[in-house]
Amino acid sequence: MTQTAVAASEVKPRRLPREIALTLTGYTLLALVLLWALFQLITKPTEFAQLFIAGLGNGALFALIALGYTMVYGIIELINFSHGDLFMLATVLSGIVCVSWFSVDSFTLGAVGAVALALVLAMAAAAALNVAAERIAYRRLRRAPKLAPLITAVGLSFAYQWFGQRQFMTGSTSKQWSTMFGSDGFNIGDIRVPYTTVIVIAVTIPLLLLMVYIVQRTRAGKAMRAVAQDQDAARLMGIDVDRTIAFTFAMGGALAGAAGLLYLQSIGTSNYNLGFRLGLIAFVAAVLGGIGNLQGAVLGGFIIGILQGLNDGLGLGQQWSQTVVFALLILLMVFKPEGILGSPTTEKV
């Protein structure tokens with residue numbers, strides 16, 4: 001009896017020995033990392049927990065920035081390399097509002113109001129700047145070869161850095177800012193929990209849930225998903241494609257603004273090239289989780305934040321943190337190019 005077409009389609013292609021070897025190698029490396037983490041947890045539980053908490057705070061910041069990368073890529077397939085520098089400008093603006101305008105240097109009722117105002121202003125300013133960039137720089141290049149908007153994004157990144165380097169912003173060197181909590185915190189047993197880490201997670205989680213709700217449950221979110229699938233078909237269905245893309249840029253910019261204020265309150269420093277360094281790590285987080293996938297960006301942010309924290313204290317040390325992060329990305333790209341939660345695609349980027 002000959003095999004039917006349906007039956008033939010159900011036959012899984014045989015995996016090559018090379019693919020099987022790569023998969024086994026990937027699982028072996030993952031098992032080694034988990035065993036190392038388990039060994040550190042058993043032998044140094046207090047230090048492990050302390051670094052884990054610090055990693056959670058950093059991971060929340062990476063997740064906020066990574067969402068901006070993944071939302072823009074998801075809707076127009078653009079890697080917006082200026083997004084990290086937008087985060088840097090929001091950090092400096094937050095410092096100007098909190099310190100230069102309201103002299104925030106301790107936890108008081110007035111300081112809480114000033115920080116809340118800075119959060120709103122940073123989110124609004126970053127959203128407006130991102131929408132302006134989309135309207136002026138990216139909109140005309142939507143049907144151009146993909147290299148053109150990519151180079152434009154790099155050019156915008158340098159323009160933002162130039163603006164951030166002005167003396168009335170952060171200047172050419174690192175600038176210190178006073179913060180609301182400083183290094184204050186509380187203890188759970190022998191583990192020190194900084195107030196800033198609690199604030200970062202308390203602000204980040206609701207924002208992330210709000211983004212997921214908007215994208216998955218609201219009419220604007222449905223329009224975003226339709227435009228991401230096919231812009232021409234979405235336009236024929238009556239969706240305003242330009243407005244939907246601008247709305248996506250606005251949400252990504254607002255998240256970068258929130259990350260800027262939270263970073264300032266956590267670290268208390270700013271630098272004109274801050275966005276390049278942290279933006280690159282956040283981009284890695286988005287790729288690690290599966291760029292274009294909201295949950296993947298959040299997962300990638302927390303994974304990198306926690307691994308970076310553990311590496312700083314128990315691994316190779318802080319000077320090797322970025323090497324560890326990019327080694328992790330390279331390993332994942334070899335074994336799972338689409339990212340942890342991404343879907344396989346054959347489209348060129």
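**Helix packing, a hairpin and positive phi values**

Glu 77 sits in the loop between α3 and α4. This is a predicted model, in which local features need pLDDT of at least 70, side-chain atom pairs count only at pLDDT 80 or more, and totals for chains, interfaces and linings use all residues. Residues are numbered from 1 along each chain as its sequence is written, and side-chain values use heavy atoms, with hydrogens and water left out. Helices (H or I, at least four residues) and strands (E, at least two) are DSSP runs, numbered from the N terminus.

**Helix α3 against α4**

- The axes of α3 (residues 45-76) and α4 (residues 83-101) come within 10 Å and cross at roughly 135°.
- Axes here are lines fitted to C-alpha atoms, for helices over the stretch in contact, and angles run from 0 to 180 degrees between N-to-C directions.
- Ile 65, Gly 68 and Tyr 69 of α3 meet His 83, Gly 84 and Phe 87 of α4 (contact means heavy atoms within 4.5 Å).
- By class, this contact of α3 with α4 has 3 nonpolar, 3 polar and no charged residues.
- Nonpolar covers Ala, Val, Leu, Ile, Met, Phe, Trp, Tyr, Cys and Pro; charged covers Asp, Glu, Lys and Arg; the others, Gly among them, are polar.

**Helix α3 against α11**

- The axes of α3 and α11 (residues 274-289) come within 8 Å and cross at roughly 70°.
- α3 and α11 are therefore roughly perpendicular to each other.
- On the α3 side, the contact residues are Phe 62, Ile 65, Ala 66, Tyr 69 and Thr 70.
- Their partners in α11 include Leu 278, Ile 281 and Phe 283.
- The contact of α3 with α11 divides into 11 nonpolar, 2 polar and no charged residues.

**Thr 248**

- Thr 248 lies in α10 (residues 241-267).
- Thr 248 is buried, with a relative accessible area of 0%.
- Leaving aside neighbours within four places in sequence, Thr 248 contacts Met 71, Val 72, Ile 75 and Met 224.

**Hairpin and backbone**

- β2 (residues 185-188) and β3 (residues 191-194) pair in the antiparallel sense over 4 bridges (pairing needs at least two DSSP bridges).
- Ile 188 stands opposite Ile 191 in β3.
- The β2 and β3 hairpin has 2 residues between its strands, and Gly 189 in the turn has a positive phi of about 65°.
- Glu 77, a residue other than glycine, has a positive phi near 55°.
- Ser 103 is not a glycine, yet has a positive phi of about 50°.
- Ser 103 lies in the loop between α4 and α5 (109-138).

Key. Angles under 35 degrees count as roughly parallel, over 145 as roughly antiparallel, 65 to 115 as roughly perpendicular and the rest as oblique. Buried means under 20% relative accessible area, exposed over 50%, partly exposed in between (1.4 Å probe, protein chains only).
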